[in-house]
Amino acid sequence: MNREPRGIEFYVLAASFIIFVLFLYGPLSAILILSFQGENGGLTFPLNGLSFHWFANLFETQAVGDFGGSFRRSLALGLMVMAVTVAVSLLAGLAFRRKFRGASALFYLSVASLVIPSIVISLGIGVVFQRVGWQPRWYTSALGAHLTWTLPFGVLIMFAVFNRFPPEYEEAARDLGADSWQTFRHVVLPMILPSLIGVGLFGFTLSYDEFARSLMTAGTFNTLPLEIYGMTTNVTTPVLYALGTVTTVFSLLVITATLAVILFVGRRRARG
Amino acid sequence: MTLAMEQSVSTASAAVARSRPSALSRFAPYLQASPLALILGGFLLLPILMIAVVSFWDYDFAAMYPDFLLTNYTDTLGSWVTWKTCLNTLKFAAIVWALTLAIGFWMAYFLAFHVRTAAMQMALFLICTVPFLTSNIIRMISWIPVLGRNGLVNSTLVQLGIVPAPIEWLLYSDFAVVLAMVHLYTLFMVTPIFNTLMRIDRSLIEAARDAGASGWQVLWNVVIPLAKPGMAIGSIFVVTLVMADFSTVQVMSGGQSASVALMMKNQMSLLQYPAAAANAVVLLALVLLMVAGILRFVDIRKEL
């Protein structure tokens, strides 16, 4: 099949794919460029000179609300969501390898968590906290709200990973005298590590960018997406784009670093 | 914090359970599943039940009062605004679904069947995935300098003399909402379809060719039927995301269009929680019906 010459279908599809990628990245690059807009420049092209004015503007607290604080909160929340998502998904994935009562119900509850509108969850958690008399906080109610979005992804990924997991390796380890903890630690864990890192990346980025679920659960202090959403209605300078550039570059760094770690782990396993 | 504690406790107890192959190991799955069950129980089931309860309560400008009233439902279902908003939301869902399905299928098909090396496939797939991991709101506002009155598209069209004046409906319109949603959600279609296409046994396609099927016949009679589970999963994602969307509708329509979730959000900002809860129940029923409809075509457990 590989030796066939490329047909017209290939060229049409390749061209569409390039257009699709441009469609995905084009607008993002527009705000990337416009965030270097000169001091007197506006929200649209052309560029009126080049400057770092709007980036400097970003770090003056009065100009755009609390950028530093909301960034720190989103970062901390993302890391917490990541840690809990990895641990809970791994445990649940292990549980689903065996039969237990309620397994089916728990599985469908996880799927339901994906399809239930985010704003409904936001409202529900907000109302529960209000009735119980707890203040909603980004590290309690928002953490729980974000987990209802990241956990199903993590659980479904682990479910898929263990569905394809060959049992021979564990049997071999057990035959060689390893107990179940050793089997898990030295055989299963290294094999699923790249997937686990992937689950962690999902957990972090989904939480870092989550907006609807934070709406009624973040409490007094905004997370970064809430801050940005507030800005879309009342900020009319390119400082909005500077903020977009900074957060996007941060996301890209996180993604690249994670992919590098996954590659590194894969290489080391291939060698060792 | 308490979650983290429960976490470490159950990790430890799960580890203990695993090391002893006695009666304890029968409980291991329960211990391992309990953190997930607790979190989903506390932050998903309980809040949904609470919404169902609160939707029957009374409220005024200051607080909610436990009660059993149907007025929240009669108010929302008796108002033509709700029906119009529902129809508008369904319209967005239908258009965005059709567009993302078409685009998603062809892009996944290209990646799975036309890109020849696995490394290239992975690289191109990652290129598609990366924007999905960045902020939705940033990706939304990035259309403003492109579509705006003095944006890239308009200024190019005016300069080329194609239109005499900037086109007004490019931004802050239903067109902009649909465009932004397709931009945001197509990935959710590409990924599951790509996944199912990659699992199609290539010998089936060769067999079809050997039996004399043309390229289109292979596509229509072999590839598309086998890709249906992926299409169904992608459809579930896209339909539920569009039905739940309020920020894209608000930002991209400039407040000129509405969705059920946006209606809820406005009631929430006015602290009319019982009214918002009634709308939440309506939205939830609508979404679950649509998902149940799609699930008739696929068994998710088998597809993982």
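**Domains, interfaces and side-chain pairs in chains A and B**

The C-alpha centres of domain 1 and domain 2 of chain B lie 34 Å apart. These values, like those that follow, were computed from a predicted model. Domain 1 of chain B comprises residues 1–54, and domain 2 of chain B comprises residues 75–303. Where the two domains of chain B meet, four residues of domain 1 and six residues of domain 2 take part in the contact.

The area buried between domain 1 and domain 2 of chain B amounts to about 320 Å², and carbon and sulfur atoms contribute 89% of this area. On the side of domain 1 of chain B, the greatest loss of area to domain 2 falls on Ile48(B), Ile51(B) and Val54(B), which together account for 92% of what that side buries. When the residues of domain 1 of chain B that touch domain 2 are sorted by class, four are nonpolar, none is polar and none is charged. Between these two domains of chain B, zero salt bridges were found.

Domain 1 of chain A consists of the segments 1–64 and 238–252, whereas domain 2 of chain A covers residues 66–234. The centres of these domains of chain A, taken over C-alpha atoms, are separated by 30 Å. The contact between them involves ten residues of domain 1 of chain A and twelve residues of domain 2 of chain A. About 970 Å² is buried between domain 1 and domain 2 of chain A, with 81% of the area coming from carbon and sulfur atoms. No salt bridge was found across this interface within chain A.

The interface between the two chains was examined in the same terms. Chain A contributes 102 residues to the contact, and chain B contributes 98 residues. The area buried between chain A and chain B is about 8900 Å², of which 78% is given by carbon and sulfur atoms. Zero salt bridges were counted between chain A and chain B. Eight residue pairs in polar contact were found across the interface of chain A and chain B, both residues of each pair being at pLDDT 80 or more.

A search of the whole structure gave four salt bridges over all chains. One of them joins Arg213(A) to Glu210(A), with a distance of 4.0 Å between the closest N and O atoms. Arg213(A) is classed as buried because its relative accessibility is 3%. Glu210(A) is also buried, since its relative accessible area is 9%. Another salt bridge links Asp174(B) with Lys91(B), and here the closest N and O atoms are 2.9 Å apart.

Aromatic side chains were considered next. A pair of aromatic rings is described by the distance of the centres and the angle of the planes. Over all chains, the structure holds 40 aromatic pairs. Among them is the pair of Phe10(A) and Tyr11(A), which is edge-to-face, with 5.1 Å from centre to centre and 80 degrees between the planes. Phe10(A) counts as buried because its relative accessibility is 14%. A further example is the pair of Tyr109(B) and Phe113(B), which is tilted, with 5.2 Å from centre to centre and 40 degrees between the planes.

How values were computed:
Residues are numbered from 1 along each chain as its sequence is written. Chains are lettered from A and ligands numbered from 1 in the order in which they are written. This is a predicted model: local features need pLDDT of at least 70, side-chain atom pairs count only at pLDDT 80 or more; totals for chains, interfaces and linings use all residues. Side-chain values use heavy atoms; hydrogens and water are left out. Domain bounds come from an automatic or database domain assignment. Contact means heavy atoms within 4.5 Å. Buried area is the accessible area (1.4 Å probe) that two parts lose on being put together, summed over both. A salt bridge is a side-chain nitrogen of Lys or Arg within 4 Å of a carboxyl oxygen of Asp or Glu. Ala, Val, Leu, Ile, Met, Phe, Trp, Tyr, Cys and Pro count as nonpolar, Asp, Glu, Lys and Arg as charged, and the others, Gly among them, as polar. Rings of Phe, Tyr and Trp (its six-membered ring) pair if their centres lie within 6.5 Å; planes under 30 degrees apart count as stacked, over 60 as edge-to-face and the rest as tilted. Buried means under 20% relative accessible area, exposed over 50%, partly exposed in between (1.4 Å probe, protein chains only). A polar contact is a pair of N or O atoms within 3.5 Å; within protein, one must be able to donate a hydrogen and the other to accept it, and residues adjacent in sequence count only if both atoms are side-chain atoms.
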